[in-house]
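This explanation walks through one protein model, from its overall build to single residues. Please keep the sequence and the 3D view at hand while reading.

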Amino acid sequence: SQQCQKYVGQTVKVLVEGNSTKPGSLTARTQGTIIVDLQGEESLIGKFAMVKIVDTQNWFLKAEFVSLA
């Protein structure tokens with residue numbers, strides 16, 4: 001969606017919520033509650049992280065882990 005497209009290229013703070021349905025992926029949410037999919041270790045679950053948004057799908061963002069927030 002256009003709402004998601006505006007995030008591509010930005011670094012944003014997310015809360016990592018848990019494992020994604022895809023192996024090796026985690027699910028997180030932005031402060032605006034948009035779902036973010038990223039690669040990362042399970043140790044990130046429950047923590048805030050800074051991620052760079054690299055792509056958008058229909059209703060979620062794809063991101064790369066940058067650092068803990």
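A residue is called buried when its relative accessible area is under 20%, exposed when it is over 50%, and partly exposed in between, using a 1.4 Å probe and protein chains only. By that rule, 33% of the 69 residues of the protein chain are buried. The model is a predicted one, so local features need pLDDT of at least 70 and side-chain atom pairs count only at pLDDT 80 or more, while totals for chains, interfaces and linings use all residues. Residues are numbered from 1 along each chain as its sequence is written, and side-chain values use heavy atoms, with hydrogens and water left out.

The protein chain contains 1 helix and 5 strands. These are DSSP runs numbered from the N terminus, a helix (H or I) having at least four residues and a strand (E) at least two. Read from the N terminus, the order of elements is α-β-β-β-β-β.

Along the principal axes, the C-alpha atoms occupy a box of roughly 30 × 25 × 15 Å. The radius of gyration of the protein chain is 11 Å, which agrees with the value near 11 Å for a compact globule of 69 residues. That radius is taken over C-alpha atoms, and the globule rule is 2.2 Å times the number of residues to the power 0.38.

Contacts, meaning heavy atoms within 4.5 Å, also describe the fold. Among contacts with a separation of 6 or more, 44% are made by residues 24 or more positions apart. The accessible surface is about 4200 Å², and carbon and sulfur atoms hold 49% of that surface. Such areas come from the Shrake-Rupley method with a 1.4 Å probe; for residues, only the protein chains shown count as cover.

Next come the charges. The protein chain has 7 positive and 6 negative charges, and their mean positions lie 7 Å apart. Lys and Arg count as positive and Asp and Glu as negative, whereas His and the chain ends are not counted. Each charge is placed at NZ of Lys, CZ of Arg, CG of Asp or CD of Glu.

How many salt bridges does the structure hold? There are 2, a salt bridge being a side-chain nitrogen of Lys or Arg within 4 Å of a carboxyl oxygen of Asp or Glu. One joins Arg29 to Glu17, with 3.2 Å between the closest N and O atoms. Because Arg29 sits in strand E2 (residues 25-30) and Glu17 in strand E1 (residues 11-19), this pair ties together parts 12 residues apart in sequence. Arg29 is partly exposed at 32% relative accessible area, and Glu17 is partly exposed at 41%.

Lys22 and Asp37 also form a salt bridge, at 3.2 Å from N to O. Lys22 belongs to the loop between E1 and E2 and Asp37 to strand E3 (residues 35-39), so the pair links parts that are 15 residues apart in sequence. Lys22 is partly exposed at 35% relative accessibility, whereas Asp37 is buried at 7%.

Two further residues show contacts across the sequence. Val12, in strand E1, is buried with a relative accessible area of 11%. Beyond its neighbours within four places in sequence, Val12 touches Tyr7, Thr30, Ala49, Met50, Val51 and Ile53. Val12 and Met50 are 38 residues apart in sequence, yet their C-alpha atoms are 5.5 Å apart.

Thr56 lies in strand E4 (residues 48-56) and is buried at 14% relative accessibility. Not counting residues up to four places away in sequence, Thr56 is in contact with Cys4, Gln5, Val8 and Leu61.
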